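Please read the following report alongside the sequence and the coordinates.

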Amino acid sequence: MKKNLGVKNWMFPMPVLMIVFPMPVLMIGTYGADGTPDVMNAAWGGITLEDEITICIDTSHKTWANIAARKAFTVAFGTADAVKACDYLGIVSGNKTPGKVAKSGLTVTKSEFVDAPVVNELPLVLECRLVSMNEENCNVVGKIVNCAVEESAMTDGNPDARKMKPICFDTCQHVYRLMGASVAPAFSCGKELM
């Protein structure tokens, strides 16, 4: 069961700019005009304000039209446990394959906060209201209105990457890589150089 935690800008990996190595595996959830859930795999995106996310989505994608119509979307993060389904949702077009979410084996639940689906099998989701869409650069900006995290994927009230097993897209090798190993404690390991 996912626990609602309010506005959080938690993302794996957390890119500073729109181009980063490795790229996050962003699973964008929307509803079509007929209410059918659609989820696409996108890699170009990141947190751009404390409560905003910006994602580059080509205007030809069904997701673009769905967001324009519904003014909402969700962003979940691909995991090692769901890598095949996440990849499938990135290589199959919602414009050409109706019901692709069901075919992926993933299931969805309607968000409590926005008019968009939450992927049940992905442990962390950002629920977003549309702020703006720019056809020139394909940017979609969403205001994060809630972050929900599977309770089994948390430690001490925070998301735990070791439990979630988030993946990222290696743009150089065209493979998904597992994240989660800790190399050093942040905001303290560099103190010995002071």
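This is a predicted model: local features need pLDDT of at least 70, side-chain atom pairs count only at pLDDT 80 or more; totals for chains, interfaces and linings use all residues.

Residues are numbered from 1 along each chain as its sequence is written, and side-chain values use heavy atoms, with hydrogens and water left out.

The protein has 4 helices and 15 strands, these being DSSP runs (H or I, at least four residues, for helices; E, at least two, for strands) numbered from the N terminus. Its radius of gyration is close to the value from the globule rule for 194 residues, so the protein is as compact as a globular protein of that length; the radius is taken over C-alpha atoms, and the rule is 2.2 Å times the number of residues to the power 0.38.

| Property | Value |
|---|---|
| Radius of gyration | 16 Å |
| Span of the C-alpha trace along the principal axes | about 55 × 35 × 35 Å |

Of the 194 residues, 44% count as buried, meaning under 20% relative accessible area with a 1.4 Å probe, protein chains only.

A nonpolar core is a set of buried Ala, Val, Leu, Ile, Met, Phe, Trp, Tyr and Cys residues joined through side-chain atoms within 4.5 Å. The largest has 23 residues, and among those touching the most other members are Ile28, Ile55 and Phe73. Elements that each supply at least two residues to this core include α1 (62-70) and β7 (72-77), whereas β11 gives the most, with 4 residues. A second, separate core of 16 residues includes Cys86, Leu89, Val119 and Leu122.

Note on methods:
Buried means under 20% relative accessible area, exposed over 50%, partly exposed in between (1.4 Å probe, protein chains only).
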